[in-house]
Amino acid sequence: MAEESCVSMYIATGVVTVTVLLWYLRRAKTRHAEPHPRDTVMLHQLGKGVHVPSISPFVLKLETYLRMSSIPYKNLFDRKMSSKGKTPWIEYNGEQVPDSEFCIEYLNARFSVDLNSKYNPSERAIGRAFRKLAEEDIYWYIGLSRCVYDRNKAIFSRLGLNWLVKKILMRKALTSAWHHGIGRHSETEVTHIADGDLKALSDFIGDRKFLLGDSPCQEDCAVFGILAQVVWHMPGSEGERAVNEQYTNLRQYCVRMRDMYWPDWDDRVLERI
Ligand SMILES: N[C@@H](CCC(=O)N[C@@H](CS)C(=O)NCC(=O)O)C(=O)O
């Protein structure tokens with residue numbers, strides 16, 4: 001009996017100690033967090049990517065949008081997730097907005113931005129459809145390639161992730177792809193679907209400089225966010241081969257977007273190519 005109460009006391013002491021420690025660490029972190037300047041968008045994101053400023057297509061999309069629209073912003077590479085458990089997200093004068101697309105809608109309204117003003121409703125509709133193709137379809141191919149199909153998990157290894165984290169990422173990718181439905185297809189089938197998407201984008205962009213014409217539009221941010229991962233962040237994959245050998249206009253498109261909006265690209269990546 002005495003032994004049991006002794007064990008309970010040890011457990012209780014342990015729980016209290018850990019709770020106090022966590023509370024203290026959290027408070028210390030908050031205390032040392034940089035103050036957020038007023039009227040500046042704070043962009044919460046992950047750390048640097050390997051050959052692209054972020055391994056997240058949505059982070060690249062949102063930061064490209066902020067540059068394209070000349071909205072003042074500051075990066076916070078704090079790896080904090082949004083209230084929806086995802087990255088990226090923004091804070092503006094104390095207001096939090098999760099999800100890259102909702103961030104863009106919010107900022108468009110706040111700063112009276114319309115990056116699609118040169119295009120008519122029918123062109124905008126096509127832009128939206130291609131954004132969805134990129135973010136809702138090619139996105140899964142990128143995730144599965146990096147986390148599952150690539151036996152070496154090259155990009156994650158170069159980010160210094162250990163085997164356990166890589167295993168957890170692989171499990172997570174497999175589970176979410178399974179629930180989405182795409183994960184029920186074989187690697188060959190998923191690659192085939194992505195190839196069809198890349199071909200459609202390549203055929204549509206053709207000789208144009210940007211998605212809808214000679215001027216970039218809002219949807220270019222998302223399309224670039226996704227394609228840049230295929231071009232530079234999927235070493236050894238079929239997608240990488242396709243954009244380098246078959247759909248070369250997609251590679252040129254990425255280089256054009258990079259050169260136009262990311263003069264500091266080399267400083268924002270871990271390894272320059
Ligand atoms: N619809 C979201 C998607 C964001 C998203 O899926 N982000 C990924 C990184 S690429 C993420 O945070 N994943 C973490 C997780 O799912 O736990 C957006 O546009 O921001």
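**Figure 1. Arg 79 in the loop between β2 and β3 of the predicted model.** Arg 79 adopts a phi near 60 degrees, a positive value in a residue that is not glycine. The relative accessible area of Arg 79 is 55%, so this residue counts as exposed. Most residues other than glycine have a negative phi.

**Figure 2. Asn 93 in the loop between β3 and β4 (95-98).** Although Asn 93 is not a glycine, its phi is positive, at about 45 degrees. With a relative accessibility of 29%, Asn 93 is classed as partly exposed.

**Figure 3. The cis peptide bond between Thr 87 and Pro 88.** Omega for this bond is about 5 degrees. Pro 88 belongs to the loop that runs between β2 (73-76) and β3 (89-92). Most peptide bonds are trans. Both Thr 87 and Pro 88 are also among the residues that surround the ligand.

Figure 4. The ligand taken alone exposes 510 Å², of which the protein buries 75%.

**Figure 5. The shell of residues around the ligand.** By residue class, the shell holds 4 nonpolar, 4 polar and 3 charged members.

**Figure 6. The largest nonpolar core and the surroundings of Phe 224.** This core comprises 67 residues, and those touching the most other members are Tyr 65, Ile 90, Leu 201, Phe 224 and Tyr 253. Helix α4 (residues 121-149) contributes the largest share, 10 residues. Apart from neighbours within four places in sequence, Phe 224 contacts Leu 60, Thr 64, Trp 232, Tyr 253, Cys 254, Met 257, Arg 258, Trp 262 and Trp 265. In soluble globular proteins, nonpolar side chains tend to be buried together.

Figure 7. The protein contains 10 helices and 4 strands, arranged along the sequence as α-β-α-β-β-β-α-α-α-α-α-α-α-α. Of its 273 residues, 45% are buried. Among contacts between residues at least 6 apart in sequence, 75% link residues at least 24 apart. The protein exposes about 14,800 Å², with 56% supplied by carbon and sulfur atoms.

Conventions:
Residues numbered from 1 in each chain as written. Predicted model: local features only at pLDDT ≥ 70, side-chain atom pairs only at ≥ 80, totals over all residues. Heavy atoms only, no water. Near = heavy atom within 4 Å. Areas by Shrake-Rupley, 256 points an atom, 1.4 Å probe, with all protein chains shown as cover. Nonpolar A, V, L, I, M, F, W, Y, C, P; charged D, E, K, R; others polar. Core = buried A, V, L, I, M, F, W, Y, C linked by side-chain atoms within 4.5 Å. Buried < 20%, exposed > 50% of the residue type's maximum accessible area, 1.4 Å probe, protein only. Helix = DSSP H or I, 4+ residues; strand = E, 2+ residues; numbered from the N terminus. Contact = heavy atoms within 4.5 Å.
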